[in-house]
Amino acid sequence: MSDPKSKTPLADQQFFLSPELSESRDTDHDIDLSIIASTYRSIVDEHAFDEMVANWEAKLASGDDADHPKVSKRLFGQLLTFRDTLEKLDIPAGNDPLKLAVSEVPGPAMVLSPNGNIAVINIAGERAFGGRQGAFMDTAVIAPRSLEDYRALLRAATGQGNAAQAILTILPIAGDFGESFLAEGYLIRLPGQSGAHIAIRSLEIAWGPRIAERLQQAFGLTSAEAEVAQQFFLLRNLDAVAAQRGVSLLTVRTQIKTIMAKMGTPSNIDLMRLLAMIASREHVGLRGEAPVWHDPLGREKLIAMPDGRKIAWTWMGARRGVPVVMLRGLPMTYLLPGDGEARLRDAGICLYVPSRPGHGNSTMDPSLDVMGDNLVALRAFLDQVVGRRPCLGVGVASGTLPLVVEAVANPARFHGILAVGYSCGIDPSGIQRLPRIQRTMLQLAGSAPWVAELMAKSGHRMMRQHGLDWYLERAFRHMPLNQQIVRNPDWTALIRNACEHLLKQGHATFVRELQLSRYRMDAALRDLAIPMRYLAPAEDPGIDVASCKQLERLNPMIAVELVSDATDLIFYQRSELILDHIIASARRN
């Protein structure tokens with residue numbers, strides 16, 4: 001079958017996708033009513049989303065042609081109304097325990113996995129701890145006298161101790177938090193997870209840049225008195241204030257008494273409480289405010305295209321090493337787990353990781369079909385960053401597809417391709433073997449993307465309200481191997497970052513990802529003239545041994561390797577094997 005030439009529009013910008021509307025009230029009437037009911041209930045009932053998926057599955061199965069489902073005008077009108085309702089609704093307060101832990105305090109706060117990976121962090125925490133979501137916390141911010149207490153928390157998180165809480169002294173990176181501050185450390189246990197997360201939250205409040213101005217305006221303090229108030233707030237000791245200012249203790253005491261009189265506080269404790277309240281009010285705007293996603297490695301660079309769009313990319317391993325380009329896809333993947341970067345560095349390999357259109361900080365072009373959009377970005381990245389030297393291309397799931405299409409169009413780009421994980425673009429028959437939610441969403445992405453967009457919009461709202469676990473439980477609950485990953489907080493710290501990367505620009509990127517997954521690759525796979533090794537996870541329901549062998553018969557340049565103990569989360573389950581292949585292929589060429 002030849003590759004389709006028709007364009008696939010960006011779902012949320014071209015919602016009216018000319019569905020085939022039906023005037024009649026046929027046998028789908030009851031299903032339509034169930035779809036409408038479950039769709040509206042999904043606003044307030046997180047479990048109604050599953051019913052909505054099941055109802056659409058039934059509707060697709062009831063028609064003569066699942067690729068072109070007929071939709072009544074009544075159903076279409078109700079769904080349009082629902083979408084309009086979603087646009088007007090505020091997102092209810094979230095109840096994700098990890099995000100709540102960092103949003104309930106105005107000061108620095110973060111949540112770590114048991115291995116020290118930052119799962120969630122707030123804006124003040126990024127400045128004070130010097131880390132980003134997805135990165136590992138630098139233990140240099142923990143004062144030496146608190147390191148053993150911190151390590152006891154890490155041990156307790158994996159069941160090797162009983163240190164449920166501790167008071168830690170933090171040595172902040174940013175100077176506006178003082179030389180040190182105290183923080184509470186405690187464990188957060190989530191249902192079903194094999195270990196606990198560690199929350200570290202400031203017990204103190206940073207002195208914001210506008211507080212001195214407020215003290216002068218509200219209480220008539222002089223600039224010198226405001227400075228003394230700040231030093232008292234940060235140092236909490238009059239002797240230390242005197243030493244820092246280079247004046248006598250008597251002078252500082254006199255200044256503090258004047259400040260107390262102007263601010264109406266009878267004691268040092270009352271003065272500290274009032275200063276803390278004023279400092280807290282300064283940080284009200286940060287409560288609940290999470291930082292936007294950015295590269296946890298701190299290495300991201302941007303390519304500016306002539307049309308104004310941007311292509312973001314980062315790298316892992318040896319900066320000047322042998323180039324390898326990796327394109328990520330569903331399921332959620334971003335950072336190599338474990339000691340992946342160290343292995344690449346030791347092997348002299350630079351793994352370039354561009355963010356595909358709509359992911360992270362890479363912009364998309366909605367005027368192009370999804371494959372065309374990806375090819376434009378990939379070609380610009382290869383031209384401007386990698387250069388003319390052929391390299392290995394690594395694709396995770398749907399990330400493989402643009403690599404194959406580009407390798408056919410320009411064979412000198414790559415000396416080989418490593419495809420990791422199932423993609424229905426490689427084997428469309430696998431869609432029917434997938435669990436319900438993946439199967440239905442992929443079918444709708446091809447036949448009625450306006451419905452897939454609506455469901456993705458609703459699901460995105462649910463995830464923002466109920467947290468990442470709402471998504472993970474639905475996406476990966478069908479396989480015990482997947483459950484081992486999503487119940488391990490060390491892995492979910494990485495998956496959280498990957499989810500933020502995928503959804504930074506909204507749910508439309510997820511829909512485009514589904515559409516890319518359905519891109520038919522028959523002709524490209526047949527015409528591929530460079531070696532491709534396909535690491536097919538043997539436990540993934542989309543994988544069929546006979547179909548895999550058919551790929552090898554289709555093109556002798558394709559070699560299929562069935563990987564045991566792996567499912568759709570093969571990127572995490574068999575990361576060492578993936579690295580083995582990357583290193584071996586790069587060394588051969």
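Colleague: Which backbone oxygen lies 3.3 Å from a polar atom of the Gln-573 side chain?

Modeller: That is the backbone oxygen of Leu-481. The Gln-573 side chain also makes a polar contact with the side chain of Asn-482, at 3.4 Å. A polar contact here is a pair of N or O atoms within 3.5 Å; within protein, one must be able to donate a hydrogen and the other to accept it, and residues adjacent in sequence count only if both atoms are side-chain atoms.

Colleague: Before we go on, what kind of model is this?

Modeller: It is a predicted model: local features need pLDDT of at least 70, side-chain atom pairs count only at pLDDT 80 or more, and totals for chains, interfaces and linings use all residues. Residues are numbered from 1 along each chain as its sequence is written, and side-chain values use heavy atoms, with hydrogens and water left out.

Colleague: Thanks! Is Gln-573 buried or exposed?

Modeller: Gln-573 counts as buried, because its relative accessibility is 18% and buried means under 20% relative accessible area, exposed over 50% and partly exposed in between (1.4 Å probe, protein chains only). You'll find Gln-573 in helix α23, residues 570-573; helices (H or I, at least four residues) and strands (E, at least two) are DSSP runs, numbered from the N terminus.

Colleague: Changing topic, how many residues does the largest nonpolar core have?

Modeller: That core has 125 residues, and Trp-56, Tyr-471 and Tyr-534 are among those with the most contacts inside it. A nonpolar core is a set of buried Ala, Val, Leu, Ile, Met, Phe, Trp, Tyr and Cys residues joined through side-chain atoms within 4.5 Å.

Colleague: Which helix gives the most to it?

Modeller: Helix α13, residues 370-386, with nine residues. A second, separate core of 27 residues includes Leu-112 and Ile-200.

Colleague: And the sheet, what order are its strands in?

Modeller: Five strands run in the order β4-β3-β7-β6-β5, forming an open sheet with antiparallel pairing. Two strands pair if DSSP finds at least two bridges between them.
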